[in-house]
Amino acid sequence: MNDLAFDTPPNALDAFWMPFTPNRTWKQDPRFVTRAKGMHYVTPEGRKILDAISGLWCVNAGHCHPRIVEAIRTQAGQLDYASSFGLGHPAAFEYANRLTAVAPDGFNHVFFAGSGSEAVDTALKLALAYHSVRGEGQRVKLVGRQRSYHGVGFGGLSVAGIGPQRKHFGPLLAGTSHLPHTHDPARNAFSRGRPPHGGTDFADALEGIVAAQDASTIAAVIVEPVAGSTGVLVPPAGYLERLREICDRHGLLLIFDEVVTGFGRLGAPFGSQALGVLPDLICCAKGMTNGAVPMGGVLISDRVAEGLNAQPDGTTEFMHGYTYSGHPLAAAAALATLEVYQEEGLFQRAAEIATPWEEAVHSLRDAPGVTDIRNIGLLAAIEFGPAAGGGPARAKAVAAHCFESGVLIRATGDSLVLSPPLGIGKDEIGQIVETIRGGAARA
Ligand SMILES: Cc1ncc(COP(=O)(O)O)c(C=O)c1O
């Protein structure tokens, strides 16, 4: 294969403004990968890097899976693009049928988008439209949560709760409120799986928001079932159940942003199934196409679908859509990805390896600087205290060491976050943990 152009880093780096990256710093000491296969990236010098974060929580079946690569190639040669605005092509319908078959019971429709951010904005708009159609157009307020990440659209950013990501962008959507986050290291540090303390108390804060705003003005509550980007915050026992109860009591829709927890991360197709709590709308993306083609979507419960379908025949039920909704290449990649997940039993495999994974990550408890370890399914975070002498965040230094030692891990704030491919084995888990231990000893 002639791919010389991509095996050599370019000599001019200025033009590409990289996302969520300190560009000027990065470009003084750039890091490149030029190939990937299975669980590894390969650098231009030929160094193999174990991908302990599945790209960016998305390459759940491993890189360059031949089946997915082939499906994309074939589709590109057969039908490269067709709009889904009043025109059909088979792959999008076939995928919608297959996806809703593995979705939680009562989720029989999906609206396609091009990314997680678009999925979130779509879900928020679905919630507003649902209430409007039902004659409750005064329900326009949205509730998010501190420390949550819901992408970068104005809707998602408005309900998100990571201050530095919002600070340059003005007031955002009016009428948003935020629940407290659920990180409670004083009571829950080093919990395995769902932390035991605080679940119902944290969720009861929603009653406070309802009291302050009046339930009749609130459309929906959106949460990540497990908060990913902020550092893997696992919901305390009873938390999601109580949120569901309060939403039901007051007629609010509950949206789960499963962009990270979808597609096997918690050992089931969706986190809602693994955690046993069903929302009204589920946002997904990332693992949908194994990261190979951008795609997102919202799974729509029958309750919401029936609400919107109550409009007269001939009405466009939801006045929303993207040029790339149901894009043929994305749909083909997603179909092949779902087949790979099912035929290779990857969701089941993630469920089985979750206990050895938990054991392994918690063995880092005595590593220097570690103040908390959190895990659920094939997710984990290792939190570090501040560096001695107030130097740069310790987690960042450990992540840099890991990259030099052949393991890709992401640092977010004080935590390292881990989300390995679902087929990870015990040897690779051992490599990840020992590399972190080495990094912690040096940081
Ligand atoms: C929970 C969650 N929602 C939404 C998004 C946004 O997805 P995208 O970057 O595809 O727009 C992300 C991305 O990490 C995410 O983790």
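## Helix packing, domain contact and ligand shell

In this predicted model, helix α5 (residues 90–102) and helix α14 (residues 328–343) have axes that come within 8 Å and cross at roughly 35°. The crossing of α5 past α14 is left-handed. On the α5 side, the contact is made by Ala-91, Ala-92, Glu-94, Tyr-95, Arg-98 and Leu-99. The partners on α14 are Pro-328, Ala-331, Ala-332, Ala-334, Leu-335 and Leu-338. Sorted by class, this contact of α5 with α14 holds 10 nonpolar residues, no polar residues and two charged residues.

The crossing of α10 past α11 is right-handed. From α10, the contact takes Gly-199, Thr-200, Phe-202, Ala-203, Asp-204, Leu-206, Glu-207 and Val-210. From α11 come Tyr-239, Arg-242, Leu-243, Ile-246 and His-250. The contact of α10 with α11 has seven nonpolar, three polar and three charged residues.

The crossing of α16 and α17 is right-handed. Here Val-398, His-401 and Cys-402 of α16 meet Thr-435, Ile-436, Gly-438, Gly-439, Ala-440 and Arg-442 of α17. By class, the contact of α16 with α17 consists of four nonpolar, four polar and one charged residues.

The axis geometry of these pairs is set out below.

| Helix pair | Axes | Angle |
|---|---|---|
| α5 and α14 | within 8 Å | roughly 35° |

The domain assignment divides the chain into domain 1 (4–61 + 345–442) and domain 2 (69–343). Taken over C-alpha atoms, the centres of domain 1 and domain 2 are separated by 26 Å. The contact takes 32 residues from domain 1 and 31 residues from domain 2. On the side of domain 1 that touches domain 2, the elements that give two or more residues are α3 (54–57), α15 (346–362), β11 (370–376), β12 (379–384) and β15 (415–418). Of these, α15 gives the largest share of that side, with seven residues. By class, the side of domain 1 that touches domain 2 comprises 17 nonpolar, 10 polar and five charged residues.

The ligand is surrounded by 14 residues, and the closest are Ser-115, Gly-116, Ser-117, Gly-151 and Val-259. Helix α6 (residues 116–133) supplies the largest share of the shell around the ligand, three residues. The residues of this shell divide into five nonpolar, seven polar and two charged.

Note on methods: Residues are numbered from 1 along each chain as its sequence is written. This is a predicted model: local features need pLDDT of at least 70, side-chain atom pairs count only at pLDDT 80 or more; totals for chains, interfaces and linings use all residues. A crossing is left-handed if the near helix is turned anticlockwise from the far one by less than a right angle, and right-handed if clockwise. Helices (H or I, at least four residues) and strands (E, at least two) are DSSP runs, numbered from the N terminus. Two residues are in contact if their C-beta atoms, placed from the backbone, lie within 7 Å. Ala, Val, Leu, Ile, Met, Phe, Trp, Tyr, Cys and Pro count as nonpolar, Asp, Glu, Lys and Arg as charged, and the others, Gly among them, as polar. Domain bounds come from an automatic or database domain assignment. A residue is near a molecule or strand if its C-beta atom, placed from the backbone, lies within 6 Å of it. Axes are lines fitted to C-alpha atoms, for helices over the stretch in contact, and angles run from 0 to 180 degrees between N-to-C directions.
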